[in-house]
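Okay everyone, let me put the model up on the screen. I'll talk through a few spots, starting with charged side chains.

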Amino acid sequence: MSLSWCINSTKYKSPLYNHTPKFTPLKPFFPHFLTPPTLTLRSSNANFGLLKCGNHNYGHILEKSDEKEISKWQNMVSNATSLYPVYVCIGGVVACLSPSSFSWFVERAPFSYSLSLGLIMLAMGLTLQLRDLLNLFKQRPFSILVGCVAQYTIMPSLGVFIGKLLGLPPAVSVGLILLSCCPGGTASNVVTLIAHGDVPLSIIMTMCTTIASVLVTPLLTKYLAGTYVPVDAVKLSISTLQVVVAPVFLGSFFQSTVPAAVQAVTPYAPLFAVLTSSLLACSVFSENVVRLKTLMPSTSFTSDLAPNLQMQALLSNELGITILSVVLLHSAGFFLGYAYSTIFGFRETQRRAISIEVGMQNSSLGVVLAASHFTSPMVALPAALSAVIMNIMGSSLGFIWKNIKPVNDQNV
């Protein structure tokens, strides 16, 4: 069962913008993790449609009223899924005001963290057909390869540079490097959609960097962060395989072996995944809230201080400098990702996709690896802060680009 986005090199439309099914010839489909299944309706008249999901014809005949119900359901789930940044921000506020709200989840860590990330990646696998992935890679190998190389060169380099530039404490430096070595995050696909970027390119970059993370993330982390603390690359690799790659392939296996069961749960998978990801990020953040409050100097919120002095006081402590490092990491990732793709002559939609994909990391993986393999809770702090900060920054960039129509230049 192939899902969601219809790939067309010249025109791309999403169910977020089309609220009624269109009666068009069937086109190849590619899975999109963060959107509900798109049902393609083909008919020779205006009254009936043949239900088609990917390459599987289920032979159901739908009346117009049924089509409207399907479209309404698709739009509802799609819109709810696209609110991922809102869920993270609300959860972050709750974590600050009432950290104990997440205690039921935090007390079972790191098992609860690993399990939740595994379920997120399983949901991704349920919407994935490896055949489609390979076919798209054959069609656009250069842009995909350039984007993946950018992901694993730009961000790790920035992680090391920013850590040294700001003089971060060793534990925070390791956490920032670990975050920068993680693959692209699935939230980047939603942001790319908002920004009118090349969504298929964003999807396949996420999948390729996720699969490569089994080897690349541990090796890069060991090489770059090994000077601060001992890093066991083998254990990191095994954890990445267990909680990221294995669930993805397991979901894809279920899709081919039990398609009926997968068809029943797939409409709920995207929304379940973003809610679980929000819970994971906010739980880790709440775990550090008490410690963060002790790090904040009382002068930073003294009303008789000028705003610039309050900001200076905030940035002079461990929390402020960590927030600054995360902001710099993602903002520089967005900028350099765009500049990098411009150098290679990619069209505007591809530049946006690569910029967003490079700048947005899988912070959930960073949280799980930090909680499972490092003793200091501060190692997980950059990834936990990133879950909130990254989504705010990425969504803001997406909405800015949404109002700037991409130039229809030459495809690469």
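Glu348 has a relative accessibility of 9%, so it counts as buried; the cut-offs are under 20% relative accessible area for buried, over 50% for exposed and partly exposed in between, with a 1.4 Å probe and protein chains only. Before I go on, this is a predicted model, where local features need pLDDT of at least 70, side-chain atom pairs count only at pLDDT 80 or more, and totals for chains, interfaces and linings use all residues. Residues are numbered from 1 along each chain as its sequence is written, and side-chain values use heavy atoms, with hydrogens and water left out.

So, back to Glu348. It makes a salt bridge with Arg352, the closest N and O atoms being 2.9 Å apart; salt bridge here is a side-chain nitrogen of Lys or Arg within 4 Å of a carboxyl oxygen of Asp or Glu. Arg352 is at 1% relative accessibility and therefore counts as buried. Both residues sit in helix α15, four residues apart, about one turn of the helix. Helices, by the way, are DSSP runs of H or I with at least four residues, strands are runs of E with at least two, and both are numbered from the N terminus.

Glu348 also pairs with Arg351, closest N and O atoms 3.5 Å apart. Because Arg351 and Glu348 are three residues apart in α15, about one helical turn separates them. Arg351 is buried as well. As a reminder, an α-helix has 3.6 residues a turn, so residues three or four places apart point the same way.

How many salt bridges does a search of the whole structure find? Four. Another of them joins Asp198 to Arg347, at 3.2 Å between the closest N and O atoms. Asp198 is in the loop between α8 and α9 and Arg347 in the loop between α14 (318–343) and α15, so this pair ties together parts 149 residues apart in sequence. Both Asp198 and Arg347 are buried. Arg140 joins them in a network of salt bridges.

In that α8–α9 loop there's also His196. His196 has a positive phi of about 60°, and it's not a glycine. Its relative accessible area is 30%, so His196 is partly exposed.

Next, Gln361, in the loop between α15 and α16 (363–373). Gln361 is at 1% relative accessibility, which means it counts as buried. Its side chain makes a polar contact of 2.6 Å with the side chain of Gln151. Polar contact means a pair of N or O atoms within 3.5 Å; within protein, one must be able to donate a hydrogen and the other to accept it, and residues adjacent in sequence count only if both atoms are side-chain atoms. The Gln361 side chain also reaches the backbone oxygen of Leu179, at 3.1 Å.

Last thing, confidence. The protein averages a pLDDT of 75, and 75% of the residues score at least 70; that's the predictor's confidence in each residue, from 0 to 100. Over residues 1–62 the pLDDT is below 50, though the stretch has 171 contacts in the model beyond near neighbours in sequence, with contact meaning heavy atoms within 4.5 Å. Where pLDDT is low, the predicted coordinates should not be read in detail.
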